Amino acid sequence: MTQDAQQLPGMISGGEPSATRKFDYTVIVWVVLLILLIILVANPIFQLFKESFFVSEDEAGGFTFQNYIDAFETDEYYKPMYITMMLAISVGSISLVVGAVMAWVVSRTDIPFPNLIRNGILASFVTPPFLGAIAWIFLAGQNEGWLNKWIRGLFGLSEEFYLFDIFTMKGVVFAMSLYTFPLVFIVVLAGLNNISSDVEDAANVAGGGTFHTMFSITLPLVAPSLFAGFILAALEAMILFGIPAVLAIPAGQHTMTTQLRAFMVSEDDLLGLASAYAMPMLILAIGMVWTRGIVLGRRGYATVGGKGGQRRPQKLGVWRIPIFVLCMIPLVCAIVLPALALLTTSFMKNLGGGLVWSNLTLWNYHFILTNDAVRESIYNTIILAIMAATGATIVAAISAFIAQRKLIRGHQYMGFMATAPIGIPGIVLAVGLFAAYTKQPFVLYGTLWIMFLAYLTKYLPLAYQTSNAGLSSIHPELEESCRIMGANRLQVFKDVTVPLFKTAVIASWILVFMPSLRELSASVLLWTTNTKVISVVIVDFYEETLLGPISALGVLLLLITLVAIVIGFRLVGRDFMRSAG
Amino acid sequence: MLKGIITGLLAVALLSAPAFAADEATMRKAKKEGKVTWYSSITLNIAQHICNNFNKKKMGVQCVLHRDGSGKLYRRYLQERKGGIYVADVVHTSNLGHFLNLKAKKIITPYKPAGTDNFNPKFVTKDNYWTILRAGVLMPFYNTKKISAKDAPKTYADFLDPKWKGKIVHSHPSYSGFVTNGMINIVNKFGWDYYKKMAKQKPKIVQSAAGGIPLVARGEAWLGAGTTSYSLLKLIQKGEPLKPIVPPAGLALVTSPNGVFTKAPNPNAARVFTDYLFSMETMQLLADYFLYVGNPDVKYPKALPPLNKINLMAIGGAELKKKNKPTRKMFKKLFGV
C-alpha cells in the first residue's frame with residue numbers, strides 16, 4: 001500500500017508492476033483470508049469430523065466407530081432423519097407452488113396492490129419462524145385454538161370437534177411453509193424479471209390464453225429458478241430448529257436438528273454421537289447447495305436476456321379479485337394472525353381466562369423487563385447483531401472488491417471461499433464450533449466471541465452476494481480514470497468506490513443485522529449464562545411453557561425488527577431486501 | 001410455644017441483620033468478588049425472586065441466575081469444567097444422584113449453611129456436601145373447566161382410560177430431575193407397563209416439570225400426568241382453573257439439594273449467598289411458594305397439605321443415580337423424544 005502511494009500515475013500504463021510488489025500484496029490478503037477461513041469453517045468441521053470418531057466420555061477415550069453405529073443403528077435415531085427428509089420434500093413443494101404462483105402474479109399480471117403483496121412477503125421473510133410457530137399454538141391448538149373455537153361457534157359444533165391441530169407433523173409443515181415460501185418467491189421473481197415479455201406476447205398473439213401462456217412458455221423458461229427455489233426452501237426446512245422444537249417435540253417427534261440438540265444438552269457427554277449424527281445433514285446440505293449451483297450456473301436459455309425486454313401484465317379478468325384474496329391468505333397466516341395472537345396473549349393475566357377486560361394485565365411485560373436473563377439477552381442480542389453485521393460486511397466488501405476488480409492472483413476463488421459456509425447448517429456449524437473452541441488452548445466457549453464466529457460464518461455468504469451484486473453495477477472505468485488522474489488505490493477506494501458502493505454495503509449490513517437478531521439454531525448450542533440472546537431466552541421460556549412472557553418478549557423482538565426495517569428503508573430505499581435471494 | 005416465640009423473634013432479628021451469619025472476613029472478601037452465579041433448577045420466577053431479594057440487600061454482591069433443568073445444568077457444568085471454564089459458584093437441582101457424582105469427584109465442597117442447626121434432620125446432611133433447599137411432590141392435576149370433579153381421574157391407573165387419549169400432558173425426564181425422580185417412584189410401584197400404556201395415550205410432551213401447567217390451564221390439554229406441587233398450587237391460588245389429584249398410591253417426594261462448587265470463582269460470595277438461601281427470609285419465601293423447607297419455624301399457606309398428612313413415595317440418592325439413565329432411555333424409547 002505504501003509503495004502504491006508513491007507510485008507515479010504514468011506507471012499504471014507503463015507495463016507490469018514489479019513482481020515482488022505484487023507478490024507481497026497477494027500473500028498478505030490470502031494469508032488473512034485463509035486464517036479466517038480456517039478459524040470459521042475448516043477447524044470446526046475438522047473437529048466435528050474428529051470428535052465423531054472418538055469416545056467422548058468426560059474422561060476422554062480412544063478411537064471408535066461406535067458413534068456411527070449408535071447414530072444409525074437404532075430406530076429412534078433413524079426416524080428423525082426420515083421425518084426430516086419428508087419435511088424437506090413437503091415444505092419445499094408447498095413453498096415452490098405458493099412462492100412461484102405469487103411471484104408470477106406479482107411480476108406478470110394486473111393484480112391489484114402488487115406492492116402490498118411484495119412487502120408482505122418480505123415481512124414474513126424477516127419474522128422469526130419460532131415466534132410464528134408459538135403464535136400458531138394460540139391460533140390452531142386442537143382444543144383452545146382461536147380458529148377451532150371460532151369454527152365451533154360458527155357451526156355450533158361440540159367441544160370435541162377440531163379442524164386444526166398444530167401439534168402434528170402437518171402443523172409443522174404448515175408453519176414451516178409460511179416462512180420458507182418467501183425464499184422461492186424472491187428467487188423466482190428475480191428469474192421472471194429477467195425474461196422479457198416478448199415470447200409471452202408472441203404466444204398471446206398466436207392465440208394462447210393467459211394461463212396457457214404461463215404453463216407452456218413462462219414456466220419452462222423459469223424452470224432453473226423454480227428448481228433453485230425448491231432447493232432453498234427444502235434446505236431451510238431441513239435446517240430449521242425453532243419450529244420443530246416448538247411443535248414437533250410436544251407431538252413426540254424429533255427432527256434431525258432437535259435430536260442433535262437433545263444429544264448436546266443430554267446430561268451424558270454425547271459430543272461424539274452428536275458429531276456423527278451431524279454428518280448426513282452436512283453432506284445433504286452441501287449436496288443441495290451444489291446441485292443448485294449447477295442448475296443456476298447453466299444459463300443456457302437464449303431468450304433469458306437481461307432486463308431490457310418489455311414486460312406487459314397479463315389480464316386476469318374476473319379472476320383478479322379472487323386471486324388477490326388467495327395471495328393474501330399466506331401473508332395473513334404468516335404475519336397478521338401471529339402478530340395479533342402474540343399481542344393479545346402478552347396482555348392476558350390468566351391463560352385460561354380468555355380475552356375479557358378483567359383478564360388484562362401488564363404483568364408479562366413487567367416479568368420480562370425485571371428478569372435479569374431477559375435484560376442481558378436484549379443487550380447481548382443487539383451487540384452481537386451489530387458485531388456480526390459489521391464483521392460480515394467488512395469481510396464481504398473486501399473480498400467482493402478483490403474478486404470483482406481482479407486485484408490479486410487467484411481472485412476467482414474469492415467468491416467460492418466467501419460463500420462456502422452456505423452449505424453448512426447453522427446447528428452443525430455450532431456443534432463444530434463447540435468441538436473446536438471449548439478445549440484448551442482456544443477456549444472461546446462462554447464468551448460472545450464464539451457466537452460472533454457462528455453468526456459471521458452463517459451470514460457471510462449473504463453479505464458477499466449483496467456486496468458482489470452492488471459492486472458489479474459500478475464500472476471499473478470510473479476507478480481507472482481516477483488512477484490515471486493521479487490518485488492512489490486508497491484514494492480511489494475512498495473517494496470513488498466507497499460512495500458508489502455505499503448502498504450495497506448498508507444493505508448487506510442490514511441484511512445480516514436482521515437475521516442475527518433472531519438467530520437460534522447456532523445460538524441454542526453455544527449460549528452460556530453470560531451470553532444469552534433473545535431467541536434462546538424465548539426457547540428457554542418455552543421449555544417452561546411461560547406462554548405469557550414469551551408473547552411479550554416476542555412482541556418486543558418484532559418491534560426491534562420493525563425498527564431495523566424502517567431504518568433500512570430510510571437509508572437505502574425499499575429495494576434493499578431484494579438482494580436477499 | 002415459648003420456644004416458638006423465641007425462635008420467631010430470633011428470626012425477625014436475623015431478618016433485620018443484613019449479613020446473616022457470614023463473618024466479617026468472608027463478607028469483606030465476598031464484596032471484593034462482587035457477584036455470585038447460581039445454577040438453579042427451581043422454577044424461573046421463584047429463582048429470580050430470590051435473586052432479586054438478595055440484590056435488594058445491596059451487600060455489594062450481585063446474584064447472577066442461570067436457570068435450567070437439572071440434567072442440562074449438570075451437563076453444562078461438566079462441559080465448562082472440561083474446557084477449564086468456571087462460571088458457577090452455587091448449584092441447586094432436583095437430582096440427588098448428580099450430587100452423589102459431584103461429591104465423588106469432589107466437584108462440590110462441604111459447606112454448612114448458617115442457621116440450619118434446628119432444621120428437620122431430613123433436610124441436612126452429616127458431611128455437609130449439600131443441604132436440601134426445598135422439597136415438593138410430583139402432583140397429577142386437571143382442568144376444572146374441562147373435567148368435572150366426578151369424572152376426574154382418582155388413581156394413576158385412571159390416566160390410562162382411553163377417553164383421555166391425546167388430552168394428557170407429560171414432562172420430560174431428560175430435562176427435569178423432578179420428573180425423573182417421580183417416574184422412578186411410579187415405576188417401582190407399577191412397573192414400566194404403566195408408562196408403556198401411558199405412551200399409547202399419546203400425551204403432549206413438554207420439557208420442564210412445570211411446563212405442563214400452562215397447557216392445561218389454557219385447556220389445550222385437560223390433564224397433567226405430574227407437575228411440581230409448588231407451581232401448581234401457586235397458580236391455583238392465582239385463579240387458574242386447575243385442581244390437584246392425590247392418588248391413594250401416594251405422591252413422589254422430591255427433595256432438591258443445594259451445594260457449593262469446589263472451584264467456585266467467587267468462593268466467599270458463594271458462602272454468603274448460600275447462607276442467604278437458608279436464611280429465614282428465603283425459607284419463608286419458599287414456603288409461601290408452597291414448598292416444604294427444613295426450617296421448622298416457617299408458616300405454610302393453608303392450601304398446602306402438611307407433609308406428614310400425605311402418603312409419600314420416596315427414593316434415595318443412590319437409587320436415583322442408578323436408575324437415572326435407564327429411565328431417560330426408556331422414556332425416549334416409549335415416547336419418541
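This is a predicted model: local features need pLDDT of at least 70, side-chain atom pairs count only at pLDDT 80 or more; totals for chains, interfaces and linings use all residues.
(A salt bridge here is a side-chain nitrogen of Lys or Arg within 4 Å of a carboxyl oxygen of Asp or Glu.) The pair ties distant parts of the chain together: A:Glu543 sits in helix H24 (residues 534-543) and A:Arg261 in helix H13 (residues 256-265), 282 residues apart. Helices (H or I, at least four residues) and strands (E, at least two) are DSSP runs, numbered from the N terminus. Over all chains, the structure holds 19 salt bridges.

Residues are numbered from 1 along each chain as its sequence is written, chains are lettered from A and ligands numbered from 1 in the order written, and side-chain values use heavy atoms, with hydrogens and water left out.

Chain A has a mean pLDDT (the predictor's confidence in each residue, from 0 to 100) of 85, and 90% of its residues reach 70 or more.

## Where the chains meet

Chain B puts 64 residues into the contact and chain A 53. Between them they bury about 4900 Å², 45% of it on carbon and sulfur atoms; buried area is the accessible area (1.4 Å probe) that two parts lose on being put together, summed over both. On the chain B side, B:Arg75, B:Arg218 and B:Glu220 lose the most area to chain A, together 15% of what that side buries.

There are 6 salt bridges between the two chains. In one salt bridge, the side chains of A:Asp268 and B:Arg328 meet at 3.2 Å, N to O. Helix H4 of chain B gives the largest share of the side that touches chain A, 9 residues.

## The disulfide

A search of the whole structure turns up 1 disulfide over all chains, counted as a pair of cysteine sulfur atoms within 2.5 Å. B:Cys51 is joined to B:Cys63, S to S 1.8 Å. B:Cys51 lies in helix H3 of chain B and B:Cys63 in strand S2, 12 residues apart.

Note on methods
Contact means heavy atoms within 4.5 Å.
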